[in-house]
Amino acid sequence: MDWHVGRLDHAAIAADNTDAMVAWYKKVLGLEVAVEAGPNPPQKQKVYLIGPPGGNGLTAGSMLEVMPRNDNPRNNRASHDPGHSHTAWHVTNFDAALAHLKANNVKFMSEVIKAIGGGRIISFEDCEGNMTQIMERL
């Protein structure tokens with residue numbers, strides 16, 4: 001084969017308020033804006049690519065695209081409903097990251113559990129109710 005799949009470039013979230021969501025991810029997870037664009041009519045909000053600090057912008061991978069949502073209603077979903085479930089961020093110090101989340105009053109969706117493949121993981125909601133996780137790998 002002449003090609004192969006490499007790193008995951010990005011996942012995307014359609015947000016009610018892209019500026020507010022990016023501000024939340026900057027404050028709570030320390031993510032940085034790699035790119036911002038727009039707004040491009042008919043959209044009235046910017047689109048962002050955000051990722052870990054100190055990254056290499058667009059070539060670092062592990063980014064999250066924050067884009068304006070459409071007018072369709074948001075469906076409530078549980079962890080194992082069909083479709084994309086959550087975004088998990090690897091952290092270098094799980095206990096310190098967990099303490100930071102608690103200090104920022106995030107809404108936890110679970111207790112700390114064992115991650116598949118080893119390590120620990122905890123689920124919580126972002127500012128618009130999307131499931132997000134921090135995890136460590138041992």
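**Entry 1, the start of the chain.** I began with Trp3, which is exposed, with a relative accessible area of 54%. I note here that I am working from a predicted model. Trp3 sits in the segment before S1, and together with Met1 and Val5 it makes a nonpolar surface patch of about 450 Å².

I then followed Tyr25 and, leaving out residues up to four places away in sequence, listed its contacts as Ile13, Gly30, Leu31, Ile50, Leu64, Trp89, Asp126 and Thr132.

Is Glu128 buried or exposed? I count Glu128 as buried because its relative accessibility is 16%, and the cut-off for that class is under 20%. Glu128 is found in the loop between strand S8 (120-125) and strand S9 (131-135). Which polar partners does the side chain of Glu128 have? A polar atom of this side chain lies 2.8 Å from the backbone nitrogen of Asp16, and a polar contact of 3.2 Å joins the side chains of Glu128 and Arg74. Setting aside neighbours within four places in sequence, I find Glu128 in contact with Ala14, Ala15, Asp16, Asn17, Met21 and Arg74.

I searched the whole structure and recorded six salt bridges. One of them joins the side chains of Asp16 and Arg69 at 3.0 Å, N to O. This pair links distant parts of the chain, with Asp16 in the loop between S1 and H1 and Arg69 in the loop between S4 and strand S5 (87-90), 53 residues apart. Asp16 is partly exposed at 41% relative accessible area, and Arg69 is partly exposed at 26%.

Arg120 forms a salt bridge with Asp95, where the closest N and O atoms are 3.0 Å apart. Here too distant parts of the chain are linked, since Arg120 lies in strand S8 and Asp95 in helix H2, 25 residues apart. I have Arg120 as partly exposed, with a relative accessible area of 27%, and Asp95 as partly exposed at 47%.

The side chains of Glu125 and Lys107 meet in a salt bridge of 3.8 Å, N to O. Glu125 lies in strand S8 and Lys107 in strand S6, so this pair ties together parts that are 18 residues apart in sequence. Lys107 counts as exposed, at 53% relative accessibility.

Where are the cis peptide bonds I noted? One runs from Gly38 to Pro39, with omega near 10°, and another joins Pro41 and Pro42, with omega about 10°. Pro39 is in the loop between strand S2 (32-37) and S3, and Pro42 is also placed in the loop between S2 and S3. Asn105 has a positive phi of about 55° although it is not a glycine. Asn105 is in the loop between H2 and strand S6 (107-108), and I have it as exposed, at 68% relative accessible area.

Finally I took Ala34, which lies in strand S2 and is partly exposed at 34% relative accessible area. Ala34 and Gly119 are 85 residues apart in sequence and 29 Å apart in space, C-alpha to C-alpha.

Note on methods: Residues are numbered from 1 along each chain as its sequence is written. This is a predicted model: local features need pLDDT of at least 70, side-chain atom pairs count only at pLDDT 80 or more; totals for chains, interfaces and linings use all residues. Side-chain values use heavy atoms; hydrogens and water are left out. Helices (H or I, at least four residues) and strands (E, at least two) are DSSP runs, numbered from the N terminus. Buried means under 20% relative accessible area, exposed over 50%, partly exposed in between (1.4 Å probe, protein chains only). A polar contact is a pair of N or O atoms within 3.5 Å; within protein, one must be able to donate a hydrogen and the other to accept it, and residues adjacent in sequence count only if both atoms are side-chain atoms. Contact means heavy atoms within 4.5 Å. Patches are made of residues with over 30% relative accessible area and no salt bridge: like charges are joined within 9 Å, nonpolar side chains (Val, Leu, Ile, Met, Phe, Trp, Tyr) within 5 Å. Accessible areas come from the Shrake-Rupley method with a 1.4 Å probe; for residues, only the protein chains shown count as cover. A salt bridge is a side-chain nitrogen of Lys or Arg within 4 Å of a carboxyl oxygen of Asp or Glu.
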